[in-house]
Structures are given as structure tokens and as C-alpha cells.
Amino acid sequence: MATPPTGEVKRAALLLPPGRALDLACGTGRHAIWLHENGWRVTAVDRNVEAIAQIRAHYPAIDARAIDLELSPFPAREDACDLVICWLYFQRDLYPKIRQSIRPGGIAAVSALLQGRFAAKPGELRAWFPGWTILHEAESERTCELIVRRPG
């Protein structure tokens with residue numbers, strides 16, 4: 001059903017004991033499914049109703065929600081998550097909420113395109129996480145990736 005998770009997201013998750021994860025703009029659930037299969041309690045959100053229905057049908061233990069992140073309230077409370085993933089989706093107003101939702105010592109795994117209508121600027125992801133420990137950062141012509149740990 002889903003493509004394999006990215007190596008960087010897997011490596012980030014393996015730095016923590018399984019806990020609570022939030023996968024934003026999860027698509028077909030490649031990260032959410034892998035996390036679930038590795039002992040995490042996962043909330044997966046995407047605006048694609050069909051993709052969410054497939055995740056629910058095949059993985060009922062995943063809290064899969066059809067949510068438009070541009071229109072709906074953020075799906076996690078403050079300090080509620082050990083890991084937040086937002087991979088290849090970029091929406092500037094999400095980053096303060098992502099930071100707030102991660103417990104001290106937790107990790108954010110984020111990436112964005114650097115080209116096109118919904119592109120991040122080079123170096124922009126890092127700027128959203130001042131004071132956090134950078135565990136991985138990469139930029140190519142097309143994409144940027146950032147894995148950071150909240151102090152604490």
C-alpha cells in the first residue's frame with residue numbers, strides 16, 4: 001500500500017523509545033505505518049480522504065484523520081508528542097505549532113521542496129527551530145531536510 005519510509009525519518013525515530021508520534025500530511029502513510037509497526041502510537045493526518053480511509057482499513061490502531069491542515073485546528077496539544085513528522089509538506093504557520101507539540105527531548109523530522117509554489121527558502125527550516133539540536137540537515141537543489149531535537 002505505502003512506499004517505504006525515508007531513511008532519515010527511520011533514523012530519527014530510532015533515537016527515541018517508541019512513544020507518541022504525529023505524521024502531518026501523511027499521504028498514504030509510509031511513515032505512520034512504519035512507526036506503528038515499530039511500537040509507536042501514531043496519529044496520521046492528511047486531507048486526502050481516500051488515503052486516510054485506506055490507512056484506517058488496513059491499520060485500525062493508527063489514529064488516521066482526514067484533516068485539511070490549512071483549515072483545521074492543529075491535531076496535537078502542547079507537549080503531546082515525542083516525534084512529529086512533516087515530510088515533503090511545507091506550510092509556514094505549522095512550524096510554531098509543531099515546536100509546541102513536541103515534548104522536551106522529542107524530535108521533529110521535517111522536509112520541504114525548494115522549488116515551486118509551496119517552496120521553502122534555503123535555510124528556512126532551521127530558522128523555525130532556534131535553540132534546538134540539529135541531528136541532520138541536508139539541502140539539494142530540489143529539497144531540504146531537517147531533523148532536530150527539542151532541548152530538555
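1. D79 sits in the loop between β3 and β4 (81-86). Strands here are DSSP runs of E with at least two residues, helices are runs of H or I with at least four residues, and both are numbered from the N terminus. The phi of D79 is near 55°, a positive value in a residue other than glycine. Most residues other than glycine have a negative phi. D79 counts as partly exposed, at 31% relative accessibility. The scale runs as follows: buried is under 20% relative accessible area, exposed is over 50%, and partly exposed is in between, with a 1.4 Å probe and protein chains only.

2. **What kind of model this is.** This is a predicted model, in which local features need pLDDT of at least 70 and side-chain atom pairs count only at pLDDT 80 or more, while totals for chains, interfaces and linings use all residues. Residues are numbered from 1 along each chain as its sequence is written, and side-chain values use heavy atoms, with hydrogens and water left out.

3. **Overall build.** The protein chain has five helices and seven strands. Along the sequence they run α-β-α-β-α-β-β-α-β-α-β-β. The C-alpha atoms fill a box of roughly 40 × 35 × 30 Å along the principal axes.

4. Of the 152 residues, 46% count as buried. Contact means heavy atoms within 4.5 Å. Among contacts with a separation of 6 or more, 54% come from residues 24 or more positions apart.

5. **The aromatic pairs.** How many aromatic pairs does a search of the whole structure find? It finds four. Rings of Phe, Tyr and Trp (its six-membered ring) pair if their centres lie within 6.5 Å; planes under 30 degrees apart are stacked, over 60 edge-to-face, and the rest tilted. The ring centres of Y95 and F129 are 6.2 Å apart and the planes stand at 90°, so this pair is edge-to-face. Y95 belongs to helix α4 (residues 95-101), and F129 to the loop between α5 (124-127) and β6 (133-139), so the pair ties together parts 34 residues apart in sequence.

6. Y95 is buried at 0% relative accessibility. F129 is buried at 3%. F129 also pairs edge-to-face with W132, at 5.1 Å centre to centre and 70° between the planes. W132 is buried as well, like F129. Ring pairs join F90, Y95, W128, F129 and W132 into a cluster.

7. Which residues of helix α3 (residues 49-58) are buried? They are A51, I52 and I55. These residues cover an arc of only 100° around the axis, which puts them on the same side of α3. The arc is that of the directions from the helix axis to the C-beta atoms. V49, E50 and A57, on the other side, are exposed. The cover over the buried residues includes β2 (41-46) and β3 (63-66).

8. **The start of α3.** Here a side-chain oxygen of N48 comes to within 3.0 Å of the backbone nitrogen of E50. A polar contact is a pair of N or O atoms within 3.5 Å; within protein, one must be able to donate a hydrogen and the other to accept it, and residues adjacent in sequence count only if both atoms are side-chain atoms.

9. **S111 and L88.** S111 is in strand β5 (residues 102-113). S111 is buried, with a relative accessible area of 1%. A polar atom of the S111 side chain lies 2.7 Å from the backbone nitrogen of L88. Leaving aside residues up to four places away in sequence, S111 touches C86, W87, L88, Y89, L125, C144 and E145. L88 is in the loop between β4 and α4. Its phi is positive, about 60°, although L88 is not a glycine. L88 counts as partly exposed, at 41% relative accessibility.

10. **Cysteines.** The structure holds zero disulfides, a disulfide being a pair of cysteine sulfur atoms within 2.5 Å. For C26, the closest cysteine sulfur is in C86, 11 Å away and too far for a bond. C26 is buried, at 7% relative accessible area. C144 is in no disulfide either; the nearest cysteine sulfur, that of C86, is 11 Å away. C144 is buried, at 2% relative accessibility.
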